[in-house]
Each structure stands twice: as C-alpha cells, then as structure tokens.
Amino acid sequence: MDQHILSSTGVKIPKLFYGTAWKEHRTAELVERAIKKGFRAIDTACQPKHYKEPLVGRGIQRAYQLGLKREDLFIQTKFTSIRGQDPNDIPYDPALPLKDQIHNSFEVSKSNLNTDYLDSLVLHSPLETWEDTLVAWQTFEEIYELGEVKLIGLSNCYDPELFASLYHEAKIKPAILQNRFYKETNHDKELRAFCRENDIFYQCFWTLKANLHILESEVVVELASRLDKTSAQIFYRCLYQQGINPIIGTTSANHMDQDLEILNFSISDEDCNRIKEMGPY
Ligand SMILES: NC(=O)c1ccc[n+]([C@@H]2O[C@H](COP(=O)([O-])OP(=O)(O)OC[C@H]3O[C@@H](n4cnc5c(N)ncnc54)[C@H](OP(=O)(O)O)[C@@H]3O)[C@@H](O)[C@H]2O)c1
C-alpha cells in the first residue's frame with residue numbers, strides 16, 4: 001500500500017508523522033530512533049516551551065548516518081505567535097512587526113533543523129484578529145514563493161467558516177490542517193469534509209488521549225482480540241484508512257513498532273464504520 005499521499009501540487013506527504021512535543025532532553029534520541037524504525041515525517045515547532053527544535057535537528061543529523069538524505073524526510077515545523085510562547089524564552093525578536101517575527105522564526109527553524117528548506121510550515125493557530133491571521137498567511141506565501149517551503153498549513157483552527165475564509169482569500173491555499181481530534185468539536189466533521197473536497201491533508205493530535213471511550217469500546221476491544229492487535233493499532237489503522245492522519249508522539253520503542261505496523265494490515269469498511277459510530281466521528 002502507498003504510504004504517501006500527493007498534495008494537489010504534487011508534494012509527497014507520508015501518512016505517518018512522528019511528533020516531537022514534550023520530549024525534552026530525550027528529543028534527539030527519540031527522533032533518531034523514530035527515523036531508524038521507519039518514520040519518514042517529523043512534526044515540530046519553533047516553540048521552546050513545548051518542543052526542543054535544536055534537538056530535533058540533532059536527531060535528524062544522526063539519522064542521516066543511516067544513509068538517508070534530506071529528501072528522504074518530510075520535515076514540518078510551525079510558527080507560534082507570542083501568545084503561545086513562554087515570555088522568557090521567545091525564539092525570535094518579539095519587538096519586530098509580525099511579518100518579520102515570522103521570517104525570523106523561520107530562519108531559526110532552518111538553522112535548528114540544519115536545512116535550507118522545510119517541507120511544511122504550519123501556523124500554530126489563527127492569530128487574535130482576522131487581519132493578523134491574514135498578515136501571517138501572506139508572510140507564509142512569501143516564504144513559499146521564495147521556494148523555501150513546499151507546503152503551508154494551519155493548526156488549531158476549529159471554526160469551519162474561518163478556515164473556509166482563509167482558504168478562499170489565500171493565493172497559496174492551505175495544504176494541511178492539524179487539529180485536536182476530539183468530541184468537543186464533533187471530531188471536526190465539517191472541517192474534514194472541507195479538507196476532503198479541497199485536497200487538504202488532515203492530521204490530528206490527542207488521538208488516543210481524547211478518545212479513550214473509543215479505545216475501550218467493545219467494538220475496538222473485540223476487533224483487537226480478533227486481529228491480534230492492540231486497541232491503539234486498531235484505532236490508528238481505522239483512522240488512516242479514513243484519511244485521518246494521526247501524529248504519533250510515543251516515547252516507547254515498542255509502541256513505535258506497533259504504530260508503524262498499522263501500514264501492514266487492514267480493517268474491513270464495515271468494522272471501520274462500527275468504530276466510527278463509537279466516536280461518533
Ligand atoms: N498543533 C498543536 O497544537 C499540537 C498539540 C499537541 C500535539 N501536537 C503534535 O502531536 C504529537 C502527538 O501528541 P499527542 O498529544 O497526540 O499524543 P502523543 O504524544 O502521541 O501521546 C500519546 C500517549 O498515548 C500513549 N500511548 C499508548 N499506546 C500508544 C501507542 N500504541 N502509540 C502511541 N502512543 C501510545 C503514549 O505513551 P508512550 O509514550 O508510553 O507510548 C502517550 O502517553 C505531538 O508530539 C506534536 O507533534 C500538536
């Protein structure tokens with residue numbers, strides 16, 4: 001089975017991403033391990049409060065010793081506005097105008113990740129005003145037009161109207177939406193439909209933590225036992241088949257193996273639909 005999807009502009013996006021938040025001093029070791037085990041896409045952010053981006057870069061450097069090249073990896077980072085940063089540890093000059101903060105942050109990311117381009121740059125969340133969100137997006141478009149990033153996207157946008165407005169306003173369309181996958185937003189049903197219609201790669205986090213009711217449901221537990229898999233594998237596989245791409249941030253080598261194994265088995269549509277009803281999503 002193909003482990004990539006193609007963006008509307010022809011960029012290959014691996015379906016399984018390794019997430020690097022909250023790994024602290026273990027970040028380099030875990031990124032290296034994830035790549036050695038088979039992950040080819042890495043999600044990070046220029047936000048020292050939650051991500052050690054320089055250590056992500058170090059883990060990637062070590063993985064190159066396996067013979068991998070830069071183009072074998074898909075590296076995604078984020079611009080986080082001042083509101084999402086630790087005020088004592090902002091990785092760019094907060095006194096600059098927003099546009100320059102973004103360019104500054106992007107340069108820091110490239111340096112942290114030892115690369116002269118990123119595969120994807122994600123706006124960590126819409127800004128406080130629509131005007132600022134547009135300024136941020138137009139700055140992303142400038143970086144895109146300089147050829148320094150292949151795809152641009154948005155995260156933590158739970159308002160379908162806002163997302164559609166940005167999509168329609170944008171010269172370079174959002175190619176990625178990265179959101180929390182949980183009941184409180186109806187699992188982004190409307191947003192996911194919009195993403196499907198417009199070739200936008202939908203990726204999610206909080207996938208296991210926020211959906212224990214699905215993982216513990218009789219449907220998932222029974223299927224896991226029947227297929228000799230864990231509940232997490234069943235749920236991840238089912239989402240993957242439905243075009244919902246979980247970012248996996250495990251710290252366990254065993255879980256890394258199990259999560260990569262979801263590429264090697266399948267679940268019937270009927271069973272996937274039964275799991276979907278457990279969300280419901
Ligand atoms: N855009 C945003 O605002 C945002 C916010 C949050 C996260 N993210 C991204 O999403 C990534 C994932 O974060 P997350 O909050 O969804 O959760 P996560 O870091 O993937 O955590 C999953 C939790 O489930 C446990 N787990 C149990 N079985 C597992 C299995 N088979 N596979 C994986 N985990 C298993 C893990 O424990 P073990 O470590 O013991 O496996 C861990 O405690 C982050 O690293 C980050 O890149 C983005």
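Predicted model: local features only at pLDDT ≥ 70, side-chain atom pairs only at ≥ 80, totals over all residues.
**Entry 1: the crossing of α1 and α2**

Helix α1 covers residues 27-37 and helix α2 covers residues 53-64; their axes lie 7 Å apart at an angle of about 40 degrees. Because of that angle, α1 is oblique to α2.

I then listed the residues that meet. From α1 they are Thr 27, Ala 28, Glu 29, Leu 30, Val 31, Glu 32, Ile 35 and Lys 36, and from α2 they are Leu 55, Val 56, Arg 58, Gly 59, Ile 60, Arg 62 and Ala 63. By class, this contact of α1 with α2 holds 8 nonpolar, 2 polar and 5 charged residues.

**Entry 2: the buried side of α1**

Which residues of α1 are buried? I found Thr 27, Ala 28, Leu 30, Val 31, Ala 34 and Ile 35. I noted the general rule that an α-helix has 3.6 residues a turn, so residues three or four places apart point the same way. The buried residues of α1 pack against α2, and also against β3 (17-19), β4 (41-43) and α10 (253-260). After α1 comes Gly 38, with a positive phi near 135 degrees.

**Entry 3: the nonpolar cores**

I next asked which members of the largest nonpolar core touch the most other members. They are Val 31, Leu 121 and Leu 177, in a core of 53 residues. Helix α1 supplies the largest share of this core, 5 residues. For Val 31 I looked up the contacts beyond four places in sequence: Thr 20, Ile 42, Val 56, Gly 59 and Ile 60. There is also a second, separate core of 13 residues, with Ile 214, Tyr 236, Cys 238 and Ile 267 among them.

**Entry 4: two further helix pairs**

I turned to helix α5 (residues 160-169) and helix α6 (residues 189-197), which pack at about 20 degrees with axes 9 Å apart. The angle is under 35 degrees, which means that α5 is roughly parallel to α6. Pro 160, Phe 163 and Ala 164 of α5 meet Glu 190, Leu 191 and Phe 194 of α6. I counted 5 nonpolar, no polar and 1 charged residues in that contact.

The other pair is helix α8 (residues 218-227) with helix α11 (residues 269-278), where the angle is about 145 degrees and the axes are 9 Å apart. Val 219, Val 220 and Leu 223 of α8 make this contact with Asp 271, Arg 274, Ile 275 and Met 278 of α11. Its residues divide into 5 nonpolar, no polar and 2 charged.

**Entry 5: Pro 126**

Is Pro 126 buried or exposed? I found 22 other C-beta atoms within 10 Å, so Pro 126 is buried. Pro 126 sits in the loop between β6 (118-123) and α4 (130-145). Leaving out residues up to four places away in sequence, Pro 126 touches Thr 133, Cys 157 and Leu 162. From Pro 126 to Ala 136, 10 residues along the sequence, I read a C-alpha to C-alpha distance of 8.8 Å.

**Entry 6: Ser 231**

Ser 231 belongs to helix α9 (residues 231-241). Beyond four places in sequence, Ser 231 is in contact with Leu 215, Val 220, Val 221 and Ala 224. I also looked up Ile 90, which is 141 residues from Ser 231 along the chain; their C-alpha atoms are 39 Å apart.

**Entry 7: backbone exceptions**

I began with a general point: most residues other than glycine have a negative phi, and most peptide bonds are trans.

I then searched for exceptions. Asp 199 has a positive phi, near 55 degrees. Asp 199 lies in the loop between α6 and β9 (201-205), and I noted that Asp 199 is partly exposed, with 13 other C-beta atoms within 10 Å. For Trp 206 the phi is near 65 degrees, again positive. Trp 206 is placed in the loop between β9 and α7 (212-215), and its 14 C-beta neighbours inside 10 Å make Trp 206 partly exposed.

Which residues does a cis peptide bond join? I found the bond between Gly 279 and Pro 280, with omega about -15 degrees. Pro 280 is in the segment after α11.

Terms used. Residues numbered from 1 in each chain as written. Axes fitted to C-alpha atoms, helices over the stretch in contact; angles between N-to-C directions. Helix = DSSP H or I, 4+ residues; strand = E, 2+ residues; numbered from the N terminus. Parallel < 35°, antiparallel > 145°, perpendicular 65-115°, else oblique. Contact = placed C-beta atoms within 7 Å. Nonpolar A, V, L, I, M, F, W, Y, C, P; charged D, E, K, R; others polar. Core = buried A, V, L, I, M, F, W, Y, C linked by C-beta atoms within 7 Å. Buried ≥ 20, exposed ≤ 12 C-beta atoms within 10 Å, placed from the backbone.
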